[in-house]
Amino acid sequence: MRTKKIIFFSLFLLIFFSCFAQEIQFNKVDSTAKLTEGPYVFWGNETATIKYILNNNYVSQDITVRGEGLFSFNLEGFDGDFEISSYIPKINPSTYSDISKFFVISDIHGQYDRMVEILKNNRIIDANLDWAWGEGHLIILGDVFDRGDRVTECLWLIHKLEMQAENWRGQVHYLLGNHEIMVLQNNTSYVHDKYKKTAELMQMKVSDLYSVNSEFGRWLRTKHTIIKLNDVLFVHAGIHPRLTYYNYNFQAVNNSIRSNIDASKDKIKYNELLNFLFGSDGPLWYRGYFEDTKTSTQIRQDQLLELLRNMGVNKIVVGHTTQDFINPFFKDSVIPVDTGIKTGNKGEALLYENGIYYRVKANSYKEQLIFPIE
Ligand code: ZN
């Protein structure tokens, strides 16, 4: 049994804030908008450093970690408690069987309110934003990062639900998308200004917020790219038939991507397999299941069905390429889930329960998707 230490941070924040906390004045910013952002946790040998921005001020506070276990803290200016574990996060299995229910959302892109609305109204979480789906499996199909301005809130919520779900023998699977990889590799093309300002105030690069020693960074670096539940594969963008030419199973894909997130651009460029895995036909970017794609050649139905047969599955669930609504195709073998949560007011989720697939909406509308062929 892990010991649970509660550290009520705000109680002594007033003292620390004036005495010990490091403060840097916020310069290049709109003076009407005071930034409060974070927290970001960084692990040292026996300390955890909590860094955040409070009303334009950079605050950095060390806490001593005695022994291993769970810690929770709260901060002035932030809602709720933050729970962290000094244990190194584990890599979960990538294959599961006999799963009776799963719920899939994709491409959240920092739209925290929309994500909460969808999860709450479909009773995956309760009014306090705590796990309420028992043994269910929640799959976040990548691209939580970029575009929107509430990425950190999304990450803390997913992080919390992952810990809570395990207590109910449920599970949260957060899969990597191309935007997770981009940010970890410090490609800031789609990063909201808020995070660039946060990093600047902390005298860091954006990717340093998610470094290998950070709570988010070490957690994200345990994540899979492809998982299998029952006879269904889940991946952010899609799987190109070329993957099977490499005679490479999806567990090997997960390992290769995970262990090369921090590899140099040259290493990835000059290694044929890595170049494929991180490139436009790789599982994080591929758009070939869809029409009107500019970056990938479109796959034919027979090629797709053969690919799935070779991989020992019946269906593949993907995000990344935004659709108007969830509408399976290729004999119901491909189920696209990205339906525009990134806009802030659209987006559906996929629910599988008692052998039936449904598309569900934020208003808890629920429609059966796939009917058996007579
Ligand atoms: Zn994507």
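The side chains of R150 and D113 meet in a salt bridge, with N to O at 2.9 Å (a side-chain nitrogen of Lys or Arg within 4 Å of a carboxyl oxygen of Asp or Glu). R150 sits in the loop between β9 (137-140) and α3, and D113 in helix α2 (residues 112-121), 37 residues apart. This is a predicted model, in which local features need pLDDT of at least 70 and side-chain atom pairs count only at pLDDT 80 or more, while totals for chains, interfaces and linings use all residues. Residues are numbered from 1 along each chain as its sequence is written, and side-chain values use heavy atoms, with hydrogens and water left out.

**Salt bridges**
- A search of the whole structure finds 14 salt bridges.
- R150 is partly exposed at 27% relative accessible area, whereas D113 is exposed at 52% (buried is under 20%, exposed over 50%, partly exposed in between; 1.4 Å probe, protein chains only).
- R242 pairs with D281, the closest N and O atoms being 3.5 Å apart.
- R242 is partly exposed at 27%, and D281 is buried at 18%.
- R359 and E367 form a salt bridge at 2.7 Å, N to O; R359 is buried at 11%, and E367 is partly exposed at 28%.

**Nonpolar cores**
- The largest nonpolar core has 99 residues, of which F103, I105, Y210, I239 and Y289 touch the most other members (a core is a set of buried Ala, Val, Leu, Ile, Met, Phe, Trp, Tyr and Cys residues joined through side-chain atoms within 4.5 Å).
- A second, separate core of 20 residues includes F102, V317, I326 and I370.

Notes
Helix = DSSP H or I, 4+ residues; strand = E, 2+ residues; numbered from the N terminus.
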